[in-house]
Amino acid sequence: MTGAAREPVPLSAGAPEPPARTYDVALLDLDGVVYVGPAAVPGVPEALDRAAAQGMRLGFVTNNAARTPEQVAAHLTELGVAAEPDDVITSSQAAASVVADLVGPGGRVLAVGGPGVAA
């Protein structure tokens, strides 16, 4: 570490600026962060509305491979979180990118799993 040492700030103090002023995009894990099961984590929809209103783009990331981005976005919208399918990144999409790179265009793949995997 170079330069003068900074005085440690307790984590409970928060950030000196709202994250939307520092970052262009927030990638948000879903289960346990934005929602728990069928319910939104208290205060999260309002906080995300404020961040979006300040210009921050929101990306919703999930390791739940069973649901499609459309299903995830619909659930978020029901909870009061503005979301479109293009705002959602699923583990199935990540895996599909890797497989596409491995097998190339026209490669045949057997997708075994729920609708999110097949999509």
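V98, V99, L102, V103 and V109 form a nonpolar surface patch with about 440 Å² of accessible area together. Such a patch joins nonpolar side chains (Val, Leu, Ile, Met, Phe, Trp, Tyr) within 5 Å, from residues with over 30% relative accessible area and no salt bridge; the areas come from the Shrake-Rupley method with a 1.4 Å probe, and for residues only the protein chains shown count as cover. V98 belongs to helix α4, residues 91-103; helices are DSSP runs of H or I with at least four residues, strands runs of E with at least two, numbered from the N terminus. At 48% relative accessible area, V98 is partly exposed, a class between buried, under 20%, and exposed, over 50%.

This is a predicted model, in which local features need pLDDT of at least 70 and side-chain atom pairs count only at pLDDT 80 or more, while totals for chains, interfaces and linings use all residues. Residues are numbered from 1 along each chain as its sequence is written, and side-chain values use heavy atoms, without hydrogens and water.

I turn to the salt bridges. The whole structure holds two (a side-chain nitrogen of Lys or Arg within 4 Å of a carboxyl oxygen of Asp or Glu). In one, R57 pairs with D87, the closest N and O atoms being 3.8 Å apart. This pair links distant parts of the chain, 30 residues apart: R57 lies in strand β4, D87 in the loop between α3 and β5. D87 is buried, at 17%. E17 forms a salt bridge with R21; R21 is exposed, at 59%.

Technical notes:
Patches are made of residues with over 30% relative accessible area and no salt bridge: like charges are joined within 9 Å, nonpolar side chains (Val, Leu, Ile, Met, Phe, Trp, Tyr) within 5 Å. Buried means under 20% relative accessible area, exposed over 50%, partly exposed in between (1.4 Å probe, protein chains only).
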